[in-house]
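Trainee: I would like to go through this model with you, one question at a time. Please give the cut-offs as we go.

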Amino acid sequence: MKNVVLLGPPGAGKGTLASRLVQAFGFLHVSTGDMLREEVAKGTPLGQLAHGYMARGELVPDEVILALVRQRVDARKGVLFDGFPRTVAQAEGLERFTSVDVVVFLEIGQEEVVRRLSSRRVCGACGAVYNLVTQPPREPGRCDRCGGPLVQREDDRPEVVARRFEVYMRDSAPLVAYYAQRGLLRRVPADRSPEEVFQAVAQILR
Ligand code: AP5
């Protein structure tokens, strides 16, 4: 099994693609965003630390993230990293405990991600992701999977989305050149339907 990194700006569709890839290929899914939201919901010391950064659209410090990921990685399984690494320091830290085989870069413009994030809703109970325009639930306001209430993520407010995009351009976009230099980068246009994006990535992984 390969270790795969999903790279792309906020709202590019990393989480949506990851759930399909996990079903199709059986990866261990390591989403730092989901892990941090769980810690916030449980009110742990890590969650309390992370919450301020997340609500402002800033990155949680590298050493905190590396410790979190390190304890989750299982060397016997192929891992799908979603939203990690997000800085060159995280990418270098990752290399110290496991290898990366492929980096899928979801290419998409700011205008489209702003549109997607303003209409994203997530299940407050199970975390399933919807979009009021492109992937609406069967019953308005209710999760198809568990019936939980659909809510807007705190960091999907327009001013926070704008900050997340700036932080992405400053701290995460350099990873495109970093992985291209290592011959690992595969570019995938993400301004297409979830099915088309999935098929393009599945072909790369096969
Ligand atoms: P995180 O949760 O990782 O957020 P993100 O990277 O900003 O990504 P999103 O979850 O917003 O978007 P996505 O690309 O997964 O898109 P989605 O599939 O939901 O991180 C949140 C925060 O945690 C960070 O700001 C930071 O503070 C902290 N953090 C996390 N990781 C960190 C790290 N490594 N280091 C430091 N800090 C970290 O799709 C978006 C919407 O579009 C949905 O409504 C979906 O239904 C829709 N959609 C998806 N695909 C398509 C498509 N193909 N066509 C049409 N609509 C689509």
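Trainee: Does cysteine 126 count as buried, partly exposed or exposed, and at what relative accessibility, that is, which class and value apply?

Mentor: This is a predicted model, in which local features need pLDDT of at least 70 and side-chain atom pairs count only at pLDDT 80 or more, while totals for chains, interfaces and linings use all residues. Residues are numbered from 1 along each chain as its sequence is written, and side-chain values use heavy atoms, with hydrogens and water left out. Buried means under 20% relative accessible area, exposed over 50%, and partly exposed in between (1.4 Å probe, protein chains only). Cysteine 126 has 34% relative accessibility, so the class is partly exposed.

Trainee: How many disulfides does a search of the whole structure find?

Mentor: Cysteine 143 is in no disulfide; at 5% relative accessibility this residue counts as buried. For the whole structure, the number of disulfides found is zero.

Trainee: In what order do the five strands of the open sheet stand?

Mentor: Strands are DSSP runs (E, at least two residues), helices likewise (H or I, at least four), numbered from the N terminus. Two strands pair if DSSP finds at least two bridges between them. The pairing in this open sheet of five strands is parallel, and the order is 2-3-1-4-8.

Trainee: Which strands stand at the edges?

Mentor: Each edge strand has a single partner strand, so one side of each is left without a neighbour in the sheet. The two are strand 2 (28–31) and strand 8 (185–189).

Trainee: Which residue in strand 3 is the bridge partner of histidine 29?

Mentor: Strand 2 and strand 3 (residues 79–82) pair in the parallel sense over four bridges. In strand 3, the partner of histidine 29 is leucine 80.

Trainee: Which residues have the most contacts inside the largest nonpolar core?

Mentor: A nonpolar core is a set of buried Ala, Val, Leu, Ile, Met, Phe, Trp, Tyr and Cys residues joined through side-chain atoms within 4.5 Å. The largest one has 30 residues, and those with the most contacts inside it are Phe81, Val103 and Tyr179.

Terms used:
A disulfide is a pair of cysteine sulfur atoms within 2.5 Å.
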